[in-house]
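Hi everyone, thanks for coming. Please bring the structure up on your screens, and then I'll walk you through it.

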Amino acid sequence: MNNVSITHDPDSAAATARVMLSAMVIAAAAAFACVVVGTRGIDVGTDTRTYAEFFLSLGHGPVTTRLEPGFVLMTRLLRYLGLGVAGYQAALFAFLLFTVVLSSRKYFDYLGEPRRYLGYLMACLALLYLSPMFVNASINTVRQGMASLLVFTALLCFRQRQWWQFLLYGALASSLHYSSLLYLVFAPALLLRQRVLRILAGVAFVVYCSGLSELLVRVTVPVVYNIVMDYVPNATFRAGTRLDFAAFSIFWYALPYLGAKLVPARMAEKIQESTAVYLVLLLPFFAIGWGNFSNRYLLPAWLSASLVVAALVFHSRVAFLRSPLFLGALLIAACGVYAYYVNHMVII
């Protein structure tokens, strides 16, 4: 009878351990952030009290609301489950994290990297937690926050000619916040060649920064101008042309080109190609970003920028930056920063 020897593959065991450790860190970071957002005070976040009151009003007779049907349905289901306000707030944030997983997975597959998704997800979450824009999506513009990365995913599907997925993600995003339609109508721009789209966006950038976009809308479509300017008419947030927002947004578009040598050539090319979606997300801002609360028009673009930068970090030629230990430590540190941001309402 032949002896059969069973060998142990140390590399396989190490890989399994890395996966388990990454999953544990991600789960802990998600749970921690859900607690932070869920237990925040009723006055932490401009719309927190409004959402809480709407949630508590359900089950006490007919409720009239202008909120989007997808969001209303979600709120009704959470109310039916018997959650309190803290549970409701945590559940909404958990859905926001779910959209991060969906969009990051789709983007990861688009880049053509078949392995180590959890490492990339850690990088995405860490950069999002460090972003004041993500805090804005978590506690202020909650509905648009939940829709933003779904819009990014829909446009990424459009670029890949995945029409049914585009419609699915677009419909879901629009059911959570109607502003999603502003970005989806610009989707055909993704059919243009990269160079042509870059020129189009460059022209739109110049037109916006010069103040011409506001003038053109006011003269040619005054109805649209009045709608934009009537949004929160007594707002203290500065309206008008925001050169700071425009320059800040263009910086994130330029970063994959500036840092191209930090990643392998094939990956740098794929990341640069994906910036076409980012440019399309900027077009609504260049068109009407002179109105009240113009930062809201930039939320999908700014959130998606974290996914793009995470790809630069995760695929960096610098081995240390790709290390699961580094990414895990970065995510843990980012949790503390995120908690500070939420409790002190540090937002852009």
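You'll find S131 in the loop between helix 5 and helix 6, the latter covering 132-139. What does S131 touch, if we don't count residues up to four places away in sequence? The answer is S306 and Y341. Please keep in mind that this is a predicted model.

Now to the aromatic rings. How many aromatic pairs does a search of the whole structure find? It finds 27. One of them is Y129 with Y338: the ring centres are 4.9 Å apart and the planes meet at 25°, which is under 30 degrees, so this pair is stacked. Here is what I like about that pair: it links distant parts of the chain. Y129 belongs to helix 5 (residues 117-129) and Y338 to helix 17 (residues 324-344), and the two are 209 residues apart.

Next, have a look at F158 and W163. Their ring centres are 5.0 Å apart, but the planes are at 80°, which is over 60 degrees, so we call this pair edge-to-face. F158 is buried, with 8% relative accessibility. W163, at 41%, falls between the 20% and 50% limits, so W163 is partly exposed.

Aromatic residues also gather in a group here: F245, F248, F251, W252 and W302 make up one aromatic cluster. And some rings have a charged neighbour. R79 lies over the face of F55, 5.2 Å from the ring centre, while R105 lies over the face of Y117 at 4.5 Å from the ring centre.

Finally, the core. In soluble globular proteins, nonpolar side chains tend to be buried together. In this model, the largest nonpolar core has 109 residues. Which of them touch the most other members? They are Y107, Y120, Y129, F134 and L155, so we meet Y129 from the stacked pair again. Helix 14, residues 265-288, gives the most to this core, with 14 residues.

Let's zoom in on Y120 before we stop. Setting aside neighbours within four places in sequence, Y120 is in contact with S104, Y107, F108, L307, A310, A311 and F314.

Key. Residues are numbered from 1 along each chain as its sequence is written. This is a predicted model: local features need pLDDT of at least 70, side-chain atom pairs count only at pLDDT 80 or more; totals for chains, interfaces and linings use all residues. Side-chain values use heavy atoms; hydrogens and water are left out. Rings of Phe, Tyr and Trp (its six-membered ring) pair if their centres lie within 6.5 Å; planes under 30 degrees apart count as stacked, over 60 as edge-to-face and the rest as tilted. Helices (H or I, at least four residues) and strands (E, at least two) are DSSP runs, numbered from the N terminus. Buried means under 20% relative accessible area, exposed over 50%, partly exposed in between (1.4 Å probe, protein chains only). A charge sits over a ring if NZ of Lys or CZ of Arg is within 6 Å of the ring centre and within 35 degrees of the ring normal. Contact means heavy atoms within 4.5 Å. A nonpolar core is a set of buried Ala, Val, Leu, Ile, Met, Phe, Trp, Tyr and Cys residues joined through side-chain atoms within 4.5 Å.
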